[in-house]
Amino acid sequence: MAQKYEKAIAIEKDNIVVDGIDVSGHWNRMFEQRVITEYTPELIEKIADIPNAESFANCYQCAKCVAVCPVDVVGNYGPRKLYRYAQTGMDLTEAPELWLCTTCANCLRVCPKEVNMVKIMPAAREQAILDGKFVPNELQQAFENTAKSGNPLGQPQRKRDAWIQSAGVPVPIIKDLGRKVNVLWYVGSYPSYHPRGIDAAAAAARIFNALGIDFAILGKEEKDDADSQRLAGEKGLFEMMTEQNIETFNKYEWDEMVVTGPHELNAFKNVYPKYGFERPVVHYSTFLARYLDQLKPLLQHSVEKKITYHDPCYLGRHNGEYEAPRKLLEAIPGVELVEMQRNRENGYCCGGGGGGMWMDSFTAKHTTMRLSEKRAMEAASTGANVLAVACPFEVSRFTDAVKSTGNEHVDVLDILELLDKSMRGE
Amino acid sequence: MNIVVAIKHIPSIADDLPVSGNTVDFDSVDFVLNEFDEQSIEQAVLVKEAVGGTVTVVGVDMIGELDAVLHLALAKGADKAVKITGDDPAADSHTQAKWLSEAIKGMSADIIFAGVQASNDLDGQIGPMLAAYLDMPYIGGVSSVEVAGDSATVNKEFAGGVGAKYEVSLPMVVGVQASVKPPRYAPVSKVRQVAQTATIEKVAPSGEVSSGLTMKKMAPPVVTGHAEMIEGSSKEVAAKIVELLKSKGLA
């Protein structure tokens, strides 16, 4: 492997033409491969040799990624640093650094060499898992729960639709309905089981009912999308869940799927096509923004709040939806929307992506504070009294974070809950 | 070295335990591998990796879903899997110990691992009864095992944080409290591969025994206490806590 590099020497071509311009001269070696003399390339090659992790070797140490890496803000991290650590003896597949990336994709946004951590990390993690290397315990638990119970929380499958009781409106199960629906609503694991997630699910059910949407859910047949488990390296688990989910989705007739969570959106829209599933899938914010004209007259109660909105990485950067959530918030009477310093394309990650949701204790050992805490502080510094979110991972993460950073005066609410508040008044 | 692991499939207590009549409503509950057996499988595989041999995992199929558990054990490093077709979700630890001992009898086991207890019966009887039926010594509460030749060095835990090191001669039944390392993770791709290729040996349950206990009534515990959330600033909360402790004679 290393031979490739030993043979490489700086070549000064007599003549070199770039984009039609003759740039011959003694300095033109900058267009050629750099010579690595002091450090060994083996550990970089070890990663770059893993299928899908090839771009790891592209790094030329410009460090643009470090400036935008959310983990570096609370630690000593960043793709450039990983490359350097590998050069100086770190085997990424055995290092704690392997588990810190949240696959937020902000580095990829600025990287001139397209070093793609969103592909590198899952591939390197999968290799580590298959080789029996260290895997954080909490993460193993989430994997095992998903494989056994169909959700990372380890809750029983037969209780997946128990949340319906709290909605107070009809939530039809597609199997019982026995007919085609316009909208198949994929609720998701956290909105189905997590106490604060259920609040958002119930709110969504009430909004869909008020808008007269012809919708149904999968009920007890719904299982986790497992996209974050894939990004955390468990591709086999993801593929097993994908096969089961696609079979379930295709059992029923529906026009469009609406998902509560951005991670599900990413799975079903961007990854499932590789497994033969290509049907329209939208996030609830995109879906509801289409109904703004019908929604506005329903928002009868003023919500006198100063709200700042947190862009979920998998809704924003990964799927390009920045405006729909803001339009929904602006449609609520009384709301004053303020932006955090890092917003939209440069939104700061909550730390929950890429499996981070299930590695809080592990991550805490290698960082100075949680990413969610950093973000909660940023939200509080805007003077907002509500931090609005649009991802089911975030409600619990930020609710903890506002408490642990002494910002209890900031309420963490899903956009669905805010719309519901305005609809019903509270 | 013939290493045998006796496992137990038990109702999950991750959720409310549904009760029907004077027993668990087995139709409305998920079954999981006993937590201590996860430790015991890991310890068995570690012993195999250290001294060589084969690991055979054997358990009673309570509800017809043991295959998944056995596949997982095989993916984690076990070599053979045996299920006793009990098909009785209510089989108690005495019955299971008898069935297990009959199945293990012909395996010429050098060392037998069993979880020290399980959260359903909570009587810790499988290991000691296996030892009695197979006429082997038993040591329980074990947190590490090192085999050398026909003896083993084991750490046994006692109450109050006291530990003791024992030199024991084999064959022997070991009740595992904890493996020396946390149970390893088996990737799903490997488990699925195993599930497609592995054969699980089926054994009919043999032998009848009674625990001598009759279940008179089973009911969920009645909630008697409750938590009180104290509201206010940290000073107010602290003052109220002090007041409470004083009123209860604790400060």
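Biologist: Which residues of H17(A) meet Ile415(A), Leu418(A) and Leu419(A) in H21(A)?

Modeller: This is a predicted model. Helix H17 of chain A covers residues 323-330, and helix H21 of chain A covers residues 415-424. On the H21(A) side, the contact uses Ile415(A), Leu418(A) and Leu419(A). On the H17(A) side, they meet Pro325(A), Leu328(A) and Leu329(A).

Biologist: Is H17(A) roughly parallel or oblique to H21(A)?

Modeller: The two axes come within 10 Å and cross at roughly 20°. Angles under 35 degrees count as roughly parallel. Therefore H17(A) and H21(A) are roughly parallel.

Biologist: Is the crossing of H17(A) and H21(A) left-handed or right-handed?

Modeller: Two packed helices are described by the angle between their axes and the distance between the axes. For H17(A) and H21(A), the crossing is left-handed.

Biologist: Is H11(A) parallel or oblique to H20(A)?

Modeller: Helix H11 of chain A spans residues 195-211, and helix H20 of chain A spans residues 392-404. Their axes come within 9 Å and cross at roughly 135°. So the arrangement of H11(A) and H20(A) is oblique.

Biologist: Which residues of H20(A) meet Arg196(A), Gly197(A) and Ala200(A) in H11(A)?

Modeller: The crossing of H11(A) and H20(A) is right-handed. H11(A) brings Arg196(A), Gly197(A) and Ala200(A) to the contact. From H20(A) come Pro392(A), Val395(A), Ser396(A) and Thr399(A).

Biologist: How many residues of the contact of H11(A) with H20(A) are charged?

Modeller: H11(A) supplies Arg196(A), Gly197(A) and Ala200(A) to this contact. The residues of the contact include three nonpolar and three polar. The charged count is one.

Biologist: Which residue of S5(A) is the bridge partner of Val183(A)?

Modeller: Strand S3 of chain A, residues 181-186, runs parallel to strand S5 of chain A, residues 254-259. Five bridges join them. In S5(A), Val183(A) is partnered by Glu256(A).

Biologist: Which residue of S4(A) is the bridge partner of Trp185(A)?

Modeller: S3(A) also pairs with strand S4 of chain A, residues 215-217. The pairing is parallel and has three bridges. In S4(A), the partner of Trp185(A) is Ile217(A).

Biologist: Which residue in S9(A) stands opposite Tyr309(A)?

Modeller: Strand S7 of chain A, residues 306-309, pairs with strand S9 of chain A, residues 386-389. Three bridges hold this parallel pairing. Opposite Tyr309(A) stands Ala388(A).

Biologist: How many residues of chain A are in contact with chain B?

Modeller: Chain B has 251 residues. It puts 10 residues in contact with chain A. On the chain A side, the count is 14.

Biologist: How many strands has chain B?

Modeller: The C-alpha atoms of chain B fill a box of roughly 65 × 45 × 45 Å along the principal axes. Of its residues, 37% count as buried. Chain B has six helices, and its strands number 13.

Terms used: Residues are numbered from 1 along each chain as its sequence is written. Chains are lettered from A and ligands numbered from 1 in the order in which they are written. This is a predicted model: local features need pLDDT of at least 70, side-chain atom pairs count only at pLDDT 80 or more; totals for chains, interfaces and linings use all residues. Axes are lines fitted to C-alpha atoms, for helices over the stretch in contact, and angles run from 0 to 180 degrees between N-to-C directions. Helices (H or I, at least four residues) and strands (E, at least two) are DSSP runs, numbered from the N terminus. Angles under 35 degrees count as roughly parallel, over 145 as roughly antiparallel, 65 to 115 as roughly perpendicular and the rest as oblique. A crossing is left-handed if the near helix is turned anticlockwise from the far one by less than a right angle, and right-handed if clockwise. Two residues are in contact if their C-beta atoms, placed from the backbone, lie within 7 Å. Two strands pair if DSSP finds at least two bridges between them. Ala, Val, Leu, Ile, Met, Phe, Trp, Tyr, Cys and Pro count as nonpolar, Asp, Glu, Lys and Arg as charged, and the others, Gly among them, as polar. A residue is buried if 20 or more other C-beta atoms lie within 10 Å of its own, exposed if 12 or fewer, and partly exposed in between; C-beta atoms are placed from the backbone.
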